[in-house]
Each structure stands twice: as structure tokens, then as C-alpha cells.
Amino acid sequence: MNFELKNFVPSNVSIEKCDVSLVLVTNTFQAGKDALSVLIAKAIKSGDLKAKAGQILDIYRPLGFCATHVVLVQVADGTPADMRKGLSAAMVLVKAFKARQMTVSFLQQPTAQGLRVAITTLADASYVYTTTKSDQEGHSLEAVAIAVPDEQALGAIFARAVAAVNGIELAKEWSNRPANYATPTHLAGVAKALAKFSRIKVEVLGHKDVVKLGMGAFLAVAKGSDEPLRFIVLHYHGAAKSDAPVVLVGKGITFDSGGISIKPAAEMDEMKYDMCGAASVLGVFRALAELQPDINVVGLIASCENLPSNCALKPGDVVTSMSGQTIEVLNTDAEGRLVLCDALTYAERFKPKAVLDIATLTGACVVALGGVRSGFFTDDAGVSAALLAAGESSQDLCWQMPLDEDYAEGLKTSFADVANVAGRAGGAVTAAKFLQRFTGKYRWAHLDIAGTAWKSGAAKGATGRPVGLLLDYLLDHDPAGPSA
Ligand code: BES
Ligand code: MN
Ligand code: ZN
């Protein structure tokens with residue numbers, strides 16, 4: 001879908017030819033003399049457009065207007081929540097109309113956040129998954145023009161929002177694809193395709209390379225499946241070589257059956273989403289490709305399947321990680337931390353200014369925070385503030401969780417340096433404590449996106465989170481600054 005930003009001129013709305021003209025009405029609406037204002041004032045006065053966010057009024061071929069539908073959309077106070085309510089309600093109609101061209105008019109200049117939420121909501125609502133359906137009919141919307149009173153003031157924000165949306169869409173699409181259509185090799189292919197953009201380089205490591213690196217923990221998970229593993233390294237070079245990069249590490253388990261510690265059958269299909277962390281890293285690179293900012297970023301993706309087989313890792317096995325630490329694998333379903341710990345050790349070579357890992361790591365995090373906020377863990381106050389701020393500005397929210405040393409008690413074992421699981425209590429935290437052992441050489445945060453990366457139930461589907469959050473972290477809120 002193509003977004004375009006242009007100047008809003010009230011008198012133009014009536015002569016604009018398009019299938020649908022969405023007009024966003026706020027509580028502070030003041031009628032002018034133009035045809036549109038008069039129409040809105042009447043709708044409000046008659047009570048046909050109530051002052052509650054999400055109320056919509058569809059007017060078919062209003063006299064004097066060229067649009068087939070003029071849809072008044074109530075966004076009340078214009079808060080992110082109001083904007084989402086209004087636009088999602090409107091998009092249900094737009095979908096039914098099978099509109100191709102749409103104009104969305106802001107009568108008053110939106111805030112940066114208002115514009116971003118609008119673009120994100122529109123893109124989100126128009127995404128249709130078709131890859132493995134015989135009916136390939138996707139969304140009909142081809143072009144969306146966003147009209148604001150002062151286009152120039154919002155140019156940069158608009159570009160950011162559109163790039164974010166393209167990244168989010170890439171993450172969503174690859175997350176939604178089933179495990180037999182989204183193998184580690186496929187993900188490596190997506191990364192390689194990104195290398196066609198300027199400033200992006202990609203390396204893909206296979207089994208032999210990973211053996212050479214001594215990634216014993218990653219290898220231990222991968223060996224239960226015939227599907228070959230991939231370790232993907234993406235580079236975005238927008239600043240001087242001497243500029244330390246931020247490293248993003250994505251968990252790329254393309255299917256998590258639990259391994260020998262096998263999961264129950266119910267909802268196991270959702271474990272195709274266990275590569276959403278990896279998908280978010282790919283999504284961020286897609287956005288960077290478009291925005292070409294002057295920063296350095298490295299993306300690392302450790303990707304394999306977690307399956308039971310005669311070759312699979314067994315409970316009680318001890319494996320040696322790339323860091324040299326030995327790990328007793330008490331539960332083969334705690335595989336994410338095993339693939340991540342080796343990627344975190346690999347990250348050291350970039351002398352990064354910060355490392356963020358992104359993983360659908362624990363069911364416990366779903367219990368703790370649900371689907372609203374991603375959990376993050378860090379002992380760095382700067383990184384913490386930066387993540388919270390990036391969450392707010394992108395409206396891709398997160399929340400800090402603890403890392404007290406006492407939480408690591410349960411990871412002690414007599415048979416290795418560390419066990420890969422502790423008891424049931426505080427499962428999201430003990431997982432983070434495990435990862436922390438591998439991050440001593442740099443500032444680090446772990447994002448647990450198990451609750452936020454996809455929706456279950458009737459609306460099952462990937463969300464593309466936390467692409468928006470990561471992008472804002474990199475572009476605005478990196479505590480070390482863009483060229484520190
Ligand atoms: N990929 C899962 C985490 C997960 C489970 C995410 C359900 C979203 C929904 C992860 O690999 C896992 O299986 N974690 C275990 C850890 C346990 C064995 C300590 C879990 O959360 O049950
Ligand atoms: Mn698991
Ligand atoms: Zn997993």
C-alpha cells in the first residue's frame with residue numbers, strides 16, 4: 001500500500017476523486033464555511049455523529065462531493081486510543097467497500113504521535129494474510145493520501161511512520177507463515193534480500209561455521225531436526241566504522257515443539273510464532289533500509305527448529321556454550337535461552353554500545369503482562385529509560401521487570417555451571433537471569449515479547465511488535481546517542 005502526505009485544504013475535499021474520503025473529527029471541531037464543515041456541523045447537531053471515539057457516519061455520494069463515500073470518523077480527544085478506535089471502526093467499512101483509493105483528512109494538525117498512530121492503525125487494519133491460501137485476494141487499498149493542514153511540519157515523522165509500517169508488515173508476514181513455509185533457510189533468504197538495499201550487508205552461517213565458533217548450546221537445540229540451522233548476521237552501516245553499533249539479537253525458533261520435553265497438543269501450532277524476535281530484527285532492517293539513518297546496527301538471528309528425535313537433546317544433557325560456560329539442560333523446552341546465549345557471546349566481537357535481545361521467551365511473561373506491554377530486563381538505567389520512552393513514542397509499549405540476583409538461585413546445579421531452568425515461580429525473570437550470565441561485556445537489555453508478538457484466538461495473527469519500539473530506540477532514544 002502506498003502512503004502519501006499532502007496539504008489539507010478544506011475546499012478541496014469536495015472535489016477530491018477517491019473511493020473513500022475519511023474525515024477525522026475531534027471534539028474541538030469548529031465549523032468553517034466550506035461544504036465539508038457544514039456537513040460535519042449538521043451531523044453533529046442532528047446527533048448522527050456522536051462525540052464518542054469510534055463513532056462513524058458513512059455518507060454515500062453526498063451532493064457536491066466527488067468521493068463515493070465520505071465517512072466522518074469521530075476520534076474525540078485525538079489520543080492514541082481514540083485514534084485507534086476511530087480508524088479501526090472506519091477500516092471495517094473501507095474493507096467492505098473494497099476501496100482502492102482513500103483520503104484521510106485531519107481537519108486540525110495532528111501531533112507527531114497522532115499521525116503515527118493513524119498510519120500504523122491503517123496499515124495494520126489493511127493487512128491480509130494470503131500466502132498459503134488459494135484465494136490470493138489481499139487488501140484492495142492501493143493508495144492512501146493523508147491530508148494535514150501543514151504537511152511540511154510532519155514530513156520526517158511521516159517518513160518514519162511509513163518505514164516503520166513497512167518493517168512491521170515484513171515482520172508480521174514472516175511470523176504468520178507456517179513453519180514449513182518459514183524455515184531457518186527461508187529467514188536467511190529474507191535477510192539476503194534486504195542486502196539489495198544500500199548500506200546493508202548480510203552473512204549467513206551454516207552448521208559448519210557454527211561448529212567452528214563453538215556454539216554448543218545453539219547446536220544442541222538444532223540437532224533434533226533435519227532442517228538445517230542458520231545463523232544470520234545483518235549489518236547496517238550508516239555511520240563511521242569507528243562508531244560502535246547497537247546489536248539486535250532475535251530468537252529464531254521456526255517451530256518450538258518443546259523437544260523431548262514436548263509441549264501439550266493444544267495451541268502447539270502457535271509455536272510457529274517462536275521466531276517473532278527474529279522477524280522483528282528483519283523488520284527493523286527493512287525500516288532502516290528505507291530511512292538510511294546515520295547509525296550502525298548489527299542484527300543477529302539464531303534460527304533452527306526445536307523438535308524431538310533420536311538425535312535430539314535430552315533432559316539432563318550438559319552442553320558447552322560458546323562462552324565456555326557449561327549448561328545442564330533440565331528442560332529441552334527452555335531452548336530459546338540456549339540459542340540466544342551463544343548469539344549473545346557472538347555479539348561481543350562488535351564491541352557494541354548496547355545489545356538488545358528480542359525473544360518469545362517465556363509463557364510466564366504472558367501471564368505477567370498479557371498482550372499489552374512487552375517485558376524488558378536490564379540493569380542499565382539509561383537503556384531502561386530509553387526503552388520506556390521508545391515504547392511511549394511508538395505506542396509499542398513495554399514494562400521493566402526485575403533482575404535481582406536472588407532470582408538466579410534456582411539456576412544452580414551440581415552438574416554444570418548453570419541449569420537452563422529454575423522452578424515455575426518467576427519464570428520470565430529466571431530466564432532473563434540465565435541470559436544475563438552471557439552479557440557481562442556490554443550494556444544489555446532482554447525483551448520478552450511472548451505476550452505481544454502475536455494474538456491468539458479468533459483474531460490469530462502476528463502483530464509485528466516490537467519493530468516500532470526498536471526503531472524509535474535506535475533513532476531517538478539510544479542512551480549513548482547516535483554517534484557516541
Ligand atoms: N517459546 C516458548 C515460550 C512461549 C510459550 C511463548 C507460550 C509464548 C507462549 C519457550 O521456548 C518455552 O517453551 N518456554 C518455557 C520455559 C520453561 C520450560 C521453563 C515456558 O515458558 O513454558
Ligand atoms: Mn520452548
Ligand atoms: Zn521457544
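Select helix α14, residues 467-477, in this predicted model. Eight of its eleven residues are buried, so the helix is largely enclosed by the rest of the structure. Which residues of α14 are buried? Colour V467, G468, L469, L470, L471, D472, Y473 and L474 to see them.

Next, show the zinc ion, ligand 3. Its protein donors are K251 through NZ, D256 through OD, D274 through OD and E335 through OE. They lie 1.9 to 2.4 Å from the zinc ion. Turn the view around the site. Six donor atoms surround the zinc ion, at angles of 78 to 174 degrees, which makes the arrangement octahedral. Along the sequence, the donor residues of this ion follow the spacing K-x4-D-x17-D-x60-E. The pair K251 and D274 links distant parts of the chain, 23 residues apart. K251 sits in strand β9 (residues 246-256). D274 is in the loop between β9 and α9 (276-291). Are K251 and D274 buried or exposed? Both are buried.

Draw a distance to the zinc ion: the two are 3.2 Å apart. Pick D256, which coordinates both ions.

Stay on the manganese ion and display its protein donors. These are D256 (OD), D333 (O), D333 (OD) and E335 (OE). They lie 2.0 to 2.2 Å from the manganese ion. Six donor atoms make angles of 72 to 169 degrees here, and the site is irregular. In sequence, the spacing of the manganese donor residues reads D-x76-D-x1-E.

Two of these residues deserve a click. D333 has 21% relative accessibility, so it counts as partly exposed. E335 has 1% relative accessibility, so it counts as buried.

Zoom out to the whole protein. Colour domain 1 (2-148) and domain 2 (166-477), as given by the domain assignment. How far apart do the C-alpha centres of the two domains lie? They are 37 Å apart. Select the contact between them: twelve residues come from domain 1 and 13 residues from domain 2. The area buried between the domains is about 1,100 Å². Carbon and sulfur atoms give 45% of that area.

How many salt bridges cross the interface of domain 1 and domain 2? There are two.

For the last stop, select D124 and K172. Their side chains meet in a salt bridge, 2.5 Å from N to O.

How values were computed
Residues numbered from 1 in each chain as written. Chains lettered and ligands numbered in written order. Predicted model: local features only at pLDDT ≥ 70, side-chain atom pairs only at ≥ 80, totals over all residues. Heavy atoms only, no water. Donors = N, O, S within 2.8 Å, 3.2 Å for Na, K, Ca; no water. Tetrahedral: all angles 85-135°; square planar, octahedral: opposite > 155°, others 65-115°. Helix = DSSP H or I, 4+ residues; strand = E, 2+ residues; numbered from the N terminus. Buried < 20%, exposed > 50% of the residue type's maximum accessible area, 1.4 Å probe, protein only. Domains from an automatic or database assignment. Contact = heavy atoms within 4.5 Å. Buried area = accessible area lost by both parts, 1.4 Å probe. Salt bridge = Lys/Arg side-chain N within 4 Å of Asp/Glu carboxyl O.
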